[in-house]
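Please look over the model shown here, and keep the chain labels in view while reading.

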There are 2 protein chains.
Amino acid sequence: MARRTRAEMMDDTRRKLIASARAAFAEKGFADTSMDDLTAAVGLTRGALYHNFGDKKGLFAAVVEQIDAEMASRARALAEAEDTVWSALLAEGCAYIEMALDPEVQRIVLRDGPAVLGDPAHWPSQNRCLDATRAAVAELRAAGILKPVDVEAASRLLNGAALNAALWVATCDDPATMLPKAQDAFRMLAGGLLVD
Amino acid sequence: MARRTRAEMMDDTRRKLIASARAAFAEKGFADTSMDDLTAAVGLTRGALYHNFGDKKGLFAAVVEQIDAEMASRARALAEAEDTVWSALLAEGCAYIEMALDPEVQRIVLRDGPAVLGDPAHWPSQNRCLDATRAAVAELRAAGILKPVDVEAASRLLNGAALNAALWVATCDDPATMLPKAQDAFRMLAGGLLVD
DNA sequence: GCTATTGACATACGACTTGTATGTAAATAG
DNA sequence: CTATTTACATACAAGTCGTATGTCAATAGC
């Protein structure tokens with residue numbers, strides 16, 4: 001078993017590169033990260049990088065994909081713990097706000113992501129968090145719990161509100177006390193969608 | 001009057017550089033814009049650029065400042081045409097959504113801006129659109145028209161919702177029909193802040 | 001009105017970076 | 001056991017940014 005097959009070696013290489021890139025991108029940002037440094041940090045060269053990911057953006061996209069999957073997984077877990085679709089939607093939004101406090105999420109997904117990869121809605125990872133929100137909104141609309149609002153529009157607005165709230169909380173003076181206020185405001189706003 | 005004073009020459013140089021940069025950044029984005037091309041397009045060199053703006057980010061910041069001021073001015077004009085503070089707030093948000101349809105605003109302010117300059121809340125231009133929203137929310141809160149929500153949090157959420165809605169509308173298949181839906185959804189969400 | 005100095009740029013230079021083209025050694029195929 | 005493909009490393013060319021230096025016109029001082 002000491003003998004490694006080629007596929008195993010490549011997977012290992014990819015994992016190492018993604019991990020190194022994730023740390024570097026989070027700390028220095030996309031533009032200020034050198035691929036020479038990034039690869040050397042795990043004992044490789046840019047040759048491995050271009051072979052596995054095509055270019056710098058390709059590696060960045062892989063990192064975003066990984067983080068995005070983790071976020072969606074966490075949001076889903078929290079939403080499933082709720083007992084109504086409505087409370088699940090609120091929980092998702094609040095979870096999103098919390099997760100965006102993570103410096104890695106902020107810098108890589110929220111700040112550099114759009115500039116490097118374009119609008120999140122067109123990412124291959126499809127911004128899974130948005131997908132979850134859309135599903136919940138669609139179900140609530142069908143059940144007549146929400147006012148006759150466009151599902152896509154409402155999902156976008158809810159996610160956007162949560163996202164920006166998170167960015168603000170993360171960069172304000174006192175995140176600990178502002179987080180609950182932001183989440184309160186989010187629930188209040190979302191309540192505007194409910195039928196009277 | 002053919003004789004130009006030095007201050008006039010500098011102002012003219014700055015205007016030319018900002019105009020050229022605005023076009024280049026909007027079309028190719030910050031990262032893919034060369035300062036050599038940018039300056040040569042108006043008959044200058046990078047020397048003028050570094051002398052007047054310090055570095056590439058400095059010029060970018062000046063462009064953002066200009067666009068931001070234009071947006072705030074327009075939003076203010078629309079808001080003042082309304083007869084209540086509440087409708088003015090809604091009008092501002094809807095105006096924001098519309099303005100974000102402009103490719104220049106999208107690429108420079110919304111996409112590249114945060115990546116290059118960091119969180120908009122910390123920009124020198126202070127994101128004037130947000131300021132207007134905050135002022136309106138504060139007034140409505142004081143008048144008891146809104147539920148007891150944190151002013152800063154609510155302002156952030158409203159602006160974030162509008163912003164993301166705009167990004168979505170701008171990149172969707174049929175912006176013309178989606179714009180009113182997004183604005184409807186925005187008004188509905190904002191209604192969640194009103195006392196019952 | 002003449003010189004000295006400052007200001008507004010242009011030019012030249014060095015240090016990096018990215019992407020590609022080529023080389024190479026190991027793993028697989030036949 | 002040879003041939004070929006794979007998974008990288010190395011070498012190279014092009015382009016970019018920031019700075020250091022040069023230059024000429026505009027102002028200041030006497």
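The paragraphs below take up the two domains of chain A, then the relation between the two chains.

The model is predicted. Chain A is split into domain 1, residues 1-54, and domain 2, residues 65-191. Taken over C-alpha atoms, the centres of these two domains of chain A lie 30 Å apart. Seven residues of domain 1 of chain A make contact with eight residues of domain 2 of chain A.

The size of an interface is often given as the accessible area lost when the parts come together. Between domain 1 and domain 2 of chain A, about 710 Å² is buried, and carbon and sulfur atoms account for 54% of this area. On the side of domain 1 of chain A, 71% of the area buried against domain 2 comes from R22(A), A26(A) and F30(A), more than from any other three residues.

Two salt bridges are found across the interface of domain 1 and domain 2 of chain A. R22(A) and E104(A) are joined by a salt bridge between their side chains, with an N to O distance of 2.9 Å. Four residue pairs are in polar contact between the two domains of chain A. The residues of domain 1 of chain A that touch domain 2 comprise four nonpolar, one polar and two charged.

How is chain B superposed on chain A? A rotation of 180 degrees with a shift of 0.0 Å along its axis does this, with an RMSD of 0.1 Å. The two copies are therefore related as by a two-fold rotation axis. In chain B, the C-alpha of G192(B) is the nearest to that axis, at 1.7 Å. Of the interface residues of chain B, 100% are also interface residues in chain A, so the copies meet through the same surface.

Conventions: Residues are numbered from 1 along each chain as its sequence is written. Chains are lettered from A and ligands numbered from 1 in the order in which they are written. This is a predicted model: local features need pLDDT of at least 70, side-chain atom pairs count only at pLDDT 80 or more; totals for chains, interfaces and linings use all residues. Side-chain values use heavy atoms; hydrogens and water are left out. Domain bounds come from an automatic or database domain assignment. Contact means heavy atoms within 4.5 Å. Buried area is the accessible area (1.4 Å probe) that two parts lose on being put together, summed over both. A salt bridge is a side-chain nitrogen of Lys or Arg within 4 Å of a carboxyl oxygen of Asp or Glu. A polar contact is a pair of N or O atoms within 3.5 Å; within protein, one must be able to donate a hydrogen and the other to accept it, and residues adjacent in sequence count only if both atoms are side-chain atoms. Ala, Val, Leu, Ile, Met, Phe, Trp, Tyr, Cys and Pro count as nonpolar, Asp, Glu, Lys and Arg as charged, and the others, Gly among them, as polar. Copies are superposed by least squares on the C-alpha atoms of residues with pLDDT of at least 70 in both.
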